[in-house]
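Visitor: I would like to learn how to read backbone angles in a protein. Could you walk me through an example?

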Amino acid sequence: MLFVLFAAAFFLPAYGAKQAAEKTAGSEVSESEPAEDGISENKTAENGISGKIVIDPGHGGMDSGMVGESGANEKVLNLIYAKKLAALLEAEGYEVVLTRETEDGLYDADASNKKAQDMERRVAIIAEEDPLLTVSIHQNSYPEDSSVKGPQVFYFGQSVEGEKLAAAIQDSLNEELPIERPRTQKGNTTYYILKRSVSTTVIVECGFLTNPEEEALLQEETYQDQVAQAICDGILEYIQGGA
């Protein structure tokens, strides 16, 4: 996120190969209009369940995502963080659906474009589940400058509710984690899952695997628990705040 030393760490909307992969996936799947923004009607659910939330662990299968210098694998870390977040939300009374529960991707072995099919199926799961909101978990990268670090939340640039959710989670991350340079939530109109999801959706980039210090931190269970708790607290703040 860094075009100049003090500005880009806060404002650059995408990072290297990750952005290219998302754009490529989106270009291979048919266009559709995003659904009307807002919290789903299942916010008040029956049988004591507070509502449904989809958690999307990014990447999977042949798509490992970013691999850090020490070998930290994004697809593996995404699933770890997603499962920890799911457990916290379930303890709060929410029904949680994971788009993937293993390290496999969501594509057929013989698919001509596995990335495109994977992304399309994630969006289809979100549409089918009709959740209150969706959180896609990722790890970030910025090979051009290994000093860049810190979690950041992205939302679809035209989504009012997405911005509110992203702000709530970003504020929680900034307050609950030992962050040197707190970031602000960032709007984006190119990431496929943000653009095509029918629910209010955000992407949480937990940290940078291209920063050696943060790569090590992201693999520590204590820190993973802190990040998951901060994301959970942000989600609850958004929902309970009547957004």
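Guide: Let us start with the overall build and then turn to the backbone angles. Keep in mind that this is a predicted model.

Visitor: How many helices and strands does the protein chain have?

Guide: The protein chain has 8 helices and 6 strands. Reading from the N terminus, their order is α-α-β-α-β-α-β-β-α-β-α-β-α-α.

Visitor: What percentage of the residues count as buried?

Guide: Of the 243 residues in the protein chain, 52% count as buried. Looking at contacts with a separation of 6 or more, 78% of them join residues 24 or more positions apart.

Visitor: Where does His59 lie?

Guide: His59 lies in the loop between β1 (51-57) and α3 (74-91).

Visitor: Is His59 buried or exposed?

Guide: His59 is buried, because its relative accessible area is 7%, and buried means under 20%.

Visitor: What is the phi of Asp130?

Guide: Asp130 has a positive phi of about 50 degrees, and it is not a glycine either. You will find Asp130 in the loop between α4 (114-129) and β3 (133-140).

Visitor: How does Asp130 count in terms of relative accessibility?

Guide: Asp130 counts as partly exposed, because its relative accessibility is 42%; that class runs between the 20% and 50% cut-offs.

Definitions and conventions: Residues are numbered from 1 along each chain as its sequence is written. This is a predicted model: local features need pLDDT of at least 70, side-chain atom pairs count only at pLDDT 80 or more; totals for chains, interfaces and linings use all residues. Side-chain values use heavy atoms; hydrogens and water are left out. Helices (H or I, at least four residues) and strands (E, at least two) are DSSP runs, numbered from the N terminus. Buried means under 20% relative accessible area, exposed over 50%, partly exposed in between (1.4 Å probe, protein chains only). Contact means heavy atoms within 4.5 Å.
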